[in-house]
Amino acid sequence: MTEKAMSQVAVKKSVASLLQYSVAARGTFDEMTGPDGQLRPHWADFLAALATLPDGALQKRREKGLRLIRDSGVTYNVYGDKAGKDRPWELDPIPFLIAADEWRILEESLIQRATLLNLILHDLYGAQKLLKDGYLPPSLVFSHPEFWRPLHGASLPRNTSLVLYAADLARSPDGRWWVIGDRTAAPSGAGYALENRIITARIHPDIYKNLWVERLAPFFLKVHETLRRLSPRQGDMPRIVLYTPGPYNETYFEHAYLARYLGITLVDGEDLTNRGDRVYLKTLNGLRQVDVMIRRTDDGYCDPLELRSDSSLGIAGLVQAVHAGTVSVANGLGASVLESPAWLAFLPRLCRVMLHEDLKMPSVATWWCGQKKELNYVMSNLDTLCVRHLLPSLAQPLCGRNLSSAERVNLIERIMASPHNYVAQEIVSLSTAPLWNMNRLESRPVVMRIHLTSYNSSYVAMPGGLTRVAPADGLSTVSMQHGGTSKDTWVLSEKPVEPITLLRPAGAPSKLVRGARDLSSRVADNMFWMGRHLERSELTTRILRAALASHVEGAGQGAGLAQEETLAIVLSMLSGHSVIGDQAADPPCGGERRNPTTLPQESVMRQVIRIHCDPEHFSGLGHSICHLQRIATVVRDRLSLDTWRAIWRLAETVRCTGRGVISQPDGDLDEMLLRLNEVIQMTEALSGLVMENMTRDLSWRFLDAGRRLERAMHVLDLLAGTVEAGTAEDSPVLDVVLGISDSMMTYRARYLVPPALVPLADLLLSDESNPRSLVFQLSALQEHMDAIGVDRMPGTFTPEQKAIIAMLATVRTLDLESPLSVGCAHKVIGNICREMTLKLRTLSEILNLQYFTHAVETLPLFTKP
């Protein structure tokens, strides 16, 4: 260990004066200081480094951490909270430190516990010897709603049902660690612990480098190796997926993060299907068998056929595939039965029976009310106990000392009505650890979650964990759902630690892989609509900017008839007249409805901008941005960090613009124009990231196909709106159309006259060098469809290819200067716009049927060997 920079007394004095650490009332164990107020030895080096920081440095590091969290998109969804969706993760800059000798004891104790729980699960769904020999009461198991009878006798890969395990630990006032909860179904937190480590190491690079902190990567290497060994099919590349309930789950960020970190596919129930007792991933190129599933979906929701029939998240027939042994699920279905706190009361005896040794780490004292003796004890000592439901998710724990007389009576009645559904536990006095709050250190209650994975017939613990901190002092429970924050957990080593990474070591042989084509239909659908909403957001903003610019310029020069006509036509292009015709004319308080043309132009413009910044308006800018961000969340594992940040900042800019419109309804329109310019720049930057940074795989092709289809329809809408309004050849509306389509400079370079309808239509329809033209979009779509449909029979075309070829032929042979077109350009252009719009909508439906919903039955024309 490095030589101490100062004596412990000097460190304590510096910390007390600079950081003003306040220790909670004694009677609890403080992780940093002993009962005498002296620093614990393993904290000395860390605090010595903190004490040498200049004033304000720790606060700046905290702010840097929050910025990294925001930029990385680390989120935790809080159910029932208006601000809960995609809420930024909370991380304290002060890590939780564990000494090396203490960690060895923790690791040994938890390995024993994981081994015991795995044996119990194996027995419950197998021979059930514990029940037959009387070591477990049958009502504890068979009345439990998470004991799934269809899984009895299910095949267990390598006799391991508990592949991943986590334990929630708290320290008693005498310094001993207790287990207060077992996580056996789909233990979360390992991904957040990894992200906490990455961020904490970045905000404290000097301290992290100088202290010998155990690395987390070796644990995840063992996780990946264990998953590969679980594959029922022997091979070098088993197909491993992470099965998530979806983006609305509280820990969805972690699901996407771990899938990317471990190099596996993130899927939900819609991506998977069961055929012939095997689980398959639905891809664009057919079904691909799944070998191993990391399950993050609750047991009952995994199979609507055998388990919960009301589940829309599961795979019908998954239980049958598990019985057949064709797929390995980690953790095994049915493992959630051991998460009930009632099991804590039976583990000491079961450990002696099954492992022939005492349980090394005690659980918090627990009484299951399904036994008469224990029930009587609970009734007699209710004031000193905390009562929990058998399923913790159904009700919050209730401490007897905090109940009113009526609440106490009600609780007793519920317990006596169904005693087997309740447990009582000793009220836990949590240890405290330092938390940085309001520019000072404060002590707060903490709970630590440690993760383990099965490995080589035993278990391995992650040397670190997810430490959660209570929002206030004196609490006996800690939850991220109720305002808690988190800490990185540093396990200190007694010798230098070698840096280890999941990256392949230099010189190691690698199998080259290019152009994987196993994209799931769900991801393809989401990427396609992500591209459409991205393009729609930019195009809507361009029309808004053109309308606002037209109004501002007209107001400065005195509005004339030409300016009024231009503004009216541009506004009509927004959402097919719905904004002006349906909402802008609505009276605020149920008064007389007025014709929008009679409203003052400035009032109309403010109303239009307000509506378009409202995410609830179905055809507005805010609505498109919300959809873009939602889809980006769903396909988070497919996006680079820079792309994710760009989407997040774009959404935040539009939200800020909307809040500004609402808070300042009479604000400066010139300022609003600058805001719209900023939004356009952000959408263009995002499009640049998509074009320059994304690999040209199938996901990118569907994203860009969505952009091209949306841009093509936009060009047609612009021209159709122009000709339907009967625009004159010299109308200023044509300048606005060129500005919206970003083609003004090209037109001016070619024609030294004011804009005219026919040259403008030719530029926007048939000019293959113009990246905003219809023919340019169709050519790009043709390239994408050719790449996507490479498996077709040679010499044949898919329905989408045929549709695009027909449209390209029409546009490329369009002649607006022919004798038949002279004098009736408006009619010809209008007809071609309507025809192409209908065909593009048909193309969109073809893509939906062929690749996303698979509503059309497709038979292979030939089989590859």
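Predicted model: local features only at pLDDT ≥ 70, side-chain atom pairs only at ≥ 80, totals over all residues.

Modeller: Ser139 belongs to helix α6, which covers residues 138-142. Leaving aside residues up to four places away in sequence, Ser139 touches His144 and Trp368. The C-alpha atom of Ser139 is also separated by 7.4 Å from that of His420, although the two residues are 281 residues apart along the chain.

From this residue we can turn to the strands. An open sheet of 4 strands, with antiparallel pairing, runs in the order β11-β14-β12-β13. Its edges are taken by β11 (366-368) and β13 (398-399), and since each of these has a single partner strand, one side of each is left without a neighbour in the sheet. The partner of β11 is β14 (residues 422-426), with which β11 pairs in the antiparallel sense over 3 bridges, and within this pairing Thr366 stands opposite Gln425 in β14. Helix α13 (residues 372-380) packs on this sheet, where it touches β11, β12 (385-389) and β14, and the direction of α13 makes about 120 degrees with that of β11.

Another open sheet, also of 4 strands, has the order β5-β4-β9-β10, and here the pairing is parallel. The edge strands are β5 (265-267) and β10 (328-330), each with a single partner strand, so that one side of each lacks a neighbour in the sheet. From one strand to the next, the twist averages 30 degrees. Strand β4 (residues 240-243) pairs with β5 in the parallel sense over 3 bridges, and Leu242 has Leu266 in β5 as its bridge partner. Helix α10 (residues 252-262) packs on this sheet, touching β4, β5 and β9 (292-295), with a direction that makes about 150 degrees with that of β5.

On the α4 side the contact is made by Gln112, Arg113, Leu116, Leu117, Leu119 and Ile120, while α12 contributes Leu347, Leu350, Cys351 and Met354.

Definitions and conventions:
Residues numbered from 1 in each chain as written. Heavy atoms only, no water. Contact = heavy atoms within 4.5 Å. Helix = DSSP H or I, 4+ residues; strand = E, 2+ residues; numbered from the N terminus. Pairing = 2+ DSSP bridges. Axes fitted to C-alpha atoms, helices over the stretch in contact; angles between N-to-C directions.
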